[in-house]
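Subject: Structure handover

Hello,

Here is the structure for your files. My notes on it follow below.

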Amino acid sequence: MTTTPDASVLADRLFRPLQLGPLTLPNRVVMAPMTRTRAGEGHAPTALNAQYFEQRASGGLLLSEATQVVQVGAGGVRTPGIYSQAQIEGWRLVTKAVHAAGGRIFLQLWHAGRASHPSLNDEGLQPVAPSAIAIDDRKVFTPQGLVPYPVPRALEEHELPGIVAAFAQGAKNAIAAGFDGVEIHGANGYLIDQFLRDGSNLRTDRYGGSIENRLRLLVEITDAVVAAVGKERVGVRLSPWVAHNNMKDSNPPALFTAAAQALRGKIVYLHVIEPVAGPAKVAAPILPLLKEAFGGVVIANGGYTGETARAVLQSGAADAVAFGVPFLANPDLPERLLRNAPLNAPNPQQFFAEGPVGYTDYPRLSTL
Ligand SMILES: Cc1cc2nc3c(=O)[nH]c(=O)nc-3n(C[C@H](O)[C@H](O)[C@H](O)COP(=O)(O)O)c2cc1C
C-alpha cells in the first residue's frame, strides 16, 4: 500500500522519496543484505523466508541475503541459491509477498570464492579464488562444525568467462523470480573483492597487478549483468575498509575511487560499507570521494542510527542509508526511525540459526 506522506514526514530527509531507475522508493531506509541461513531443501527459499521479508516491506528498498550464483559459490550452510528452477520458485514466494505488501526488493548475487568449503556444496567442489591463498584469521562453519578454511584453487584465466556468465544468468533468474533488480556482491572479502585487493590477488595475468587489472572481473561481471537485465536494475556493493575474510589492500582509497569511477553511468546505484560507529569505525572516510567519482545514487551503510543517517543524507555524500542489524531486529524500522521510537535489541545467537526464533518473531511497535 502506498500512501502520500504529509509535509511533516517529507521534512525528514529519510522520508523523502528517491527515484531509482523506474522505481520510486517511498523512503531512504534500505534493508541491508543479511545472510540468515534459513533456506530450505536444495538451497531454495521457503514460506518462512517470504514472511521475514514481507514483515520488512516498509523499507524503501529491501536487499536479499547473499545468494550464490553457482554451487561452489556458497559461503555458508543453508544459504540460498539462484541457479535452479526450485530456487526461482522459492524466491517467487518472497517477491510476491513483498510486492503484495507494497515493497521493492533486489537480490544480492554472490560467489564466495575462497570463503567457502567443499562441504558447503552438493558436489564437494574445492573453493576457487584469484590466488591459492587460504583465509587464516578465522574458521568456516560447516555441517561438521567450525573447521579451517581450505587452500583454494587459483582460477585459470579461461574459467573466468564462465563465472561472468553465471552472474548474468543469476540476474536473469532473479528477474524471472520477480525481483525488481539485483545487487552484485563486490564486498566483504568474497570472490569479486578477492580479485579487487592485492592482499588476496597475486595474479600476473590480465586480472592481477595494476588496479585496472584487479578491477577487470568486477567490470566484466557488471557489464554482463547489465546486458542481461538492464542498467536500471543493477547495483554494486563495495566495502573499502572491511577486513572480514582476511581482506587487505595496500591502497584502498585509490582502488575504490577507481572502482567507483569505472562503474560511473553503468548501474543504478553504488552501495558502500564504511562503518561510522563501533569498533570498525573508519578514521578517514572516503564516501564523499566515491560519491563524486560515481556520480549517481549512493547507498551508505555501516553502524548508522536515525540521526547519523539523516546527517549523511544532509551532507550529500549519500542518497539513502542501509541498515543491517537494526532492520533485522525491527521489522517496522522505518516507522520507528520516523517517530524516534526505541528499537528492539538484536539477538546475535539467532543470526545464523534455523527456524522462526530470532527471525520472524521480533515485535512491531504496534504489538508492544
Ligand atoms: C547477520 C548478518 C548477515 C550479513 N550478511 C551479509 C550478506 O549476506 N551480504 C552482505 O553484503 N553483507 C552482509 N552483512 C553485512 C550487513 O549488510 C551490513 O553491512 C552490516 O551489518 C553493517 O550494517 P549495520 O551496522 O547497519 O548492521 C551481514 C551482517 C549481519 C549482521
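Contact here means heavy atoms within 4.5 Å. With neighbours within four places in sequence left aside, aspartate 122 is in contact with His43 and Gln71.

Two points on provenance. This is a predicted model, where local features need pLDDT of at least 70, side-chain atom pairs count only at pLDDT 80 or more, and totals for chains, interfaces and linings use all residues. Residues are numbered from 1 along each chain as its sequence is written, and side-chain values use heavy atoms, with hydrogens and water left out.

**Overall**

The chain has eleven helices and 14 strands. Both are DSSP runs numbered from the N terminus: helices are H or I with at least four residues, strands are E with at least two. The radius of gyration is 19 Å, close to the 21 Å that the globule rule gives for 368 residues, so the chain is as compact as a globular protein of that length. That radius is taken over C-alpha atoms, and the rule is 2.2 Å times the number of residues to the power 0.38. Along the principal axes, the C-alpha atoms fill a box of roughly 55 × 45 × 40 Å.

Of the 368 residues, 57% count as buried. Buried is under 20% relative accessible area, exposed is over 50%, and partly exposed is in between (1.4 Å probe, protein chains only). Take contacts between residues at least 6 apart in sequence: 72% of them join residues at least 24 apart.

Charges: 32 side chains are positive and 31 negative, and the centres of the two sets lie 4 Å apart. Lys and Arg count as positive, Asp and Glu as negative; His and the chain ends are not counted. Each charge is placed at NZ of Lys, CZ of Arg, CG of Asp or CD of Glu.

**Cores**

A nonpolar core is a set of buried Ala, Val, Leu, Ile, Met, Phe, Trp, Tyr and Cys residues joined through side-chain atoms within 4.5 Å. The largest has 81 residues, and Leu109 and Val225 touch the most other members. Beyond four places in sequence, the residues that Leu109 touches include Val69, Ile82, Phe167, Val182, Ile184 and Val225. A second, separate core of 15 residues includes Leu20, Leu25, Leu61 and Val297.

Helix 2 (residues 47-55) has Asn49, Ala50, Tyr52, Phe53 and Gln55 as its buried residues. Their cover includes strand 3 (29-31), strand 4, helix 3 and strand 5 (105-110).

**Loops**

- Aspartate 122 sits in the loop between strand 5 and strand 6 (128-129). This aspartate is exposed, at 62% relative accessible area. Aspartate 122 and valine 72 are 50 residues apart in sequence, yet 8.6 Å apart in space, C-alpha to C-alpha.
- Glutamate 274 lies in the loop between strand 12 (269-273) and helix 8 (287-294). This glutamate is buried, at 5% relative accessible area. Among the residues that glutamate 274 touches, beyond four places in sequence, are Trp241, Val282, Asn301 and Gly302.
- Arginine 78 is in the loop between strand 4 (61-68) and helix 3 (85-100). Its phi is near 50°, a positive value in a residue other than glycine. Arginine 78 is partly exposed, at 26%.
- Asparagine 245 is in the loop between strand 11 (234-238) and helix 7 (252-263). Its phi is also positive, about 65°, although it is not a glycine. Asparagine 245 counts as buried, at 1% relative accessibility.

Best regards
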